Amino acid sequence: MCTLEKRDGLFILTISGDDEHRLNPILIDSIQAALHRARIESESMGPTALITTAHGKFFSNGYDLSWAESDPDPIQALAQTRLKLMSKKFQFLVSDLISLPMPTIAAVTGHASAAGFVLALSHDYMVMRKDRGFLYMSELDIRMKIPSWFVQIVKSKIASPKVWKEVILKSTKITAGMGLQWGIVDSAHDSVEETVEAAARLGTELVKRNWDGKVYAENRKTIFADVMAALKPDETVGFGSYGDTDSDDNSKAVSRL
């Protein structure tokens, strides 16, 4: 589902394949395992940085709603258990990114929609391909209530309330140029290769600062304390409100997937 390459002081996490990279539990677990490996290996490497990118047309097209809706157990289907578990696993992944002891860069070379957009925003920096792809918070268009913690991440990364409206209440498809103008994207590039190379250059520059990774992570968690607090269960999940749940049964089920 994904690979992790080491290049000098960089970890390059690539979501592999040419599909939409929908965030189901299998893919989330694969990404999380790669983050865990980077965290462990960085302890003996000195300063490091992480780049996350993806093959194909999509960075990630959001939650795997087809998987969530196809639960063969009618009781679990009625309770929307799969959706709740997927949401909880993704919260754990975002929390891990925020606490990762190194700078993080999303190299967005394709579409990043809904939870896929949130995955990109959960990195410290975002570089984006200019000739193809957009950022898109699609919840309004697909008639789903956006989770409160998604909104908190948008607000933590985007300064302007006018842009919040474009992102959330207009579901605007944001090109790299628009992302630069609105302060969402740090740099825009002409191709997949140039985008990944730009991320590598930025990562190398950050590694050269010789920061202590644990201190970096603690400072990041302080900046995004509101996001970390919002990751706690605070709303009912449903196909109309797919946020969080505090069900003990669902929390136990997350660990079984």
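Reader: Let's start with G56. How accessible is G56?

Author: G56 is partly exposed, because its relative accessibility is 31%. The scale runs like this: buried is under 20% relative accessible area, exposed is over 50%, and partly exposed is in between, using a 1.4 Å probe and protein chains only. Before we go on, this is a predicted model, so local features need pLDDT of at least 70 and side-chain atom pairs count only at pLDDT 80 or more, while totals for chains, interfaces and linings use all residues. Residues are numbered from 1 along each chain as its sequence is written, and side-chain values use heavy atoms, leaving out hydrogens and water.

Reader: Thanks! And where does G56 lie?

Author: G56 is in the loop between β3 (49-54) and β4 (58-60). Strands here are DSSP runs of E with at least two residues, helices are runs of H or I with at least four, and both are numbered from the N terminus. The C-alpha atom of G56 is separated by 9.3 Å from that of I15, although the two residues are 41 apart along the chain.

Reader: Which residue is the bridge partner of I15?

Author: That is C2, whose bridge partner I15 belongs to β2. β1 and β2 run antiparallel and are joined by six bridges. For two strands to count as paired, DSSP has to find at least two bridges between them.

Reader: How many residues are between β1 and β2 in the hairpin?

Author: Two residues, and D8 in that turn has a positive phi of about 55 degrees.

Reader: What about N210, what is its phi?

Author: N210 also isn't a glycine, and its phi is positive, near 60 degrees. N210 sits in the loop between α9 and α10. With a relative accessible area of 58%, N210 is exposed.

Reader: Back to strands. In what order do the six strands form the open sheet?

Author: The order is β1-β2-β3-β5-β7-β9, with mixed pairing. At the edges are β1 and β9 (187-189), each pairing on one side only. From one strand to the next, the twist averages 20 degrees; the angles are taken between N-to-C directions, from 0 to 180 degrees, with axes as lines fitted to C-alpha atoms (for helices, over the stretch in contact).

Reader: And how do β7 and β9 run, parallel or antiparallel?

Author: Parallel, with three bridges joining β7 (residues 125-129) to β9. One example is V127, whose bridge partner in β9 is S187.

Reader: New topic! How many residues are in the largest nonpolar core?

Author: It has 60 residues, and those with the most contacts inside it are F90, M126, L135, W149, V167 and I184. Helix α4 (residues 81-98) gives the most to this core, seven residues. Another core lies apart from it, with twelve residues that include I105, A107, A200 and L206. A nonpolar core means a set of buried Ala, Val, Leu, Ile, Met, Phe, Trp, Tyr and Cys residues joined through side-chain atoms within 4.5 Å.

Reader: How much space lies in the largest pocket?

Author: About 330 Å³. A volume is the space filled by probe spheres set on grid points, which are joined across faces, edges and corners. On a 1 Å grid over the protein atoms alone, a pocket is an open set of points with protein on both sides within 12 Å along at least five of seven lines, a cavity is a set where a 1.4 Å probe fits but cannot get out, and lining residues have an atom within 4 Å of a point.

Reader: Which residues lie nearest the centre of the largest pocket?

Author: S42, P101, D212, G213 and K214, out of 19 lining residues. The largest share of that lining, five residues, comes from α10.

Reader: And how many cavities of 30 Å³ or more does the structure hold?

Author: One. The largest cavity has about 60 Å³ of space, and helix α6 (residues 148-157) gives the most to its lining, three residues. Residues lining the largest cavity include I153, S156 and K157.
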